[in-house]
Amino acid sequence: MDNTRAASHLSLMLKLDHLTVIAPTLAEGVAHVRACLDLDVPFGQRHDDMGSWNHLLQLGGSTYLEIVALDPDGAAPARRRWFGLDDQARVRRDWDAGRRLRGWVARTDDIAGLLAAHGRIFGRAVALPMANPAFDFAIPDDGSLPLDGAAPLIIDRRGKARSMASMADLGARLVGFSLEHPDAEGIASLLRDLAVDRPPTVIPGNVLRYRARIDTGAGRRELS
C-alpha cells in the first residue's frame, strides 16, 4: 500500500467510542444497568437538538456506556432523532424482547470520507450541538439504527477526545462485547472492511443481540 492510500486508510479507521442502552425511559434504562452491573449510573446531559437525554458511565480509557432515551420534556427536533428514538413502539418492542444493549458508536477522524463510501448505511453528517458544533454525528434520514443496529453509529469529534472529567468512574471496565446476528459472516465482513478497532465478536444467532462483558468491583458481569 503506498503512503497516500495508507494515510487514507488510517483516516477512515473506526474506533470504539461507546456502547448504548436504548431505553423507553431513562428510569428503565438505569434500573436495567443496575440489575446487570450492580451500579447506579448517574445522569449525564440533555440533548436539546435531539430531544433526548442520557446517563453516562466510564468503561476504561476513552470508552463509556450511554443509557439514552427520548426526553419527554424536550422539544421535538427539526429532524428525526438519533438512535431510532422517534419510533417509540419499536424501542418498546426491543426492550420487552430483552434487546436493551442495542448498539454502539464508532469514532472516525474523517466522517466525510466515510460517508462518501458508506452513506447508504450510515446516513448524513449532522453538526451538533447546532448552535456551537463540537462534533458530527451520522444519522440516517429516517433516524433508524444503521442496519438495524448491526453496524455502528458514527461520530467525528473533530480531532478532540471526549472529555471524561464529568463522567462517573465507578470502576467498570469493558472486557469485550459480542453481536449475535442471522448473517454473522456478512456483518463480520463489513466490520473488517470498515477497519474497526475493537469491534464486537460476531457470532451466528436467530436475532440481533448484543452482550458486553464488563468487570466491576463485584466481579465480571454481563450487560445485554
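Both faces of strand β7 are covered, since Phe135, Phe137 and Ile139 on one side and Asp136 and Ala138 on the other are all buried, where buried means under 20% relative accessible area, exposed over 50% and partly exposed in between, with a 1.4 Å probe and protein chains only. Helices (H or I, at least four residues) and strands (E, at least two) are DSSP runs numbered from the N terminus. This is a predicted model, in which local features need pLDDT of at least 70 and side-chain atom pairs count only at pLDDT 80 or more, while totals for chains, interfaces and linings use all residues. Residues are numbered from 1 along each chain as its sequence is written, and side-chain values use heavy atoms, with hydrogens and water left out.

Strand β7 (residues 135-139) pairs with β6 (residues 124-128) in the antiparallel sense over five bridges, two strands being counted as paired if DSSP finds at least two bridges between them. Ala125 stands opposite Ala138 in this pairing, and a hairpin of six residues joins β6 to β7. Strand β7 is also joined by three bridges to β8 (residues 153-156), again antiparallel, with Phe137 opposite Ile155.

Turning to the cores, the largest nonpolar core has 48 residues, and those with the most contacts inside it are Leu19, Trp104 and Leu223; such a core is a set of buried Ala, Val, Leu, Ile, Met, Phe, Trp, Tyr and Cys residues joined through side-chain atoms within 4.5 Å. A second, separate core of 16 residues includes Phe83, Leu85, Phe137 and Ile139. In soluble globular proteins, nonpolar side chains tend to be buried together.

Helix α3 (residues 88-96) has Val91, Asp94 and Trp95 as its buried residues. Seen down the axis of α3, these fall within an arc of 100°, taken from the directions from the axis to the C-beta atoms, so they line one face of the helix. The face turned away from that side carries the exposed residues Arg93 and Asp96. Among the elements that cover the buried residues are β1 (14-22), α2 (26-37) and β5 (101-107), and α3 is followed by Gly98, whose phi is positive, near 85°.

Elsewhere, an open sheet of four strands has the order β11-β9-β12-β13, with mixed pairing. Its edge strands, β11 (201-204) and β13 (219-223), each pair on one side only. Strand β12 (residues 209-216) runs antiparallel to β13 and is joined to it by five bridges, with Asp215 opposite Arg220.

Conventions:
Contact means heavy atoms within 4.5 Å.
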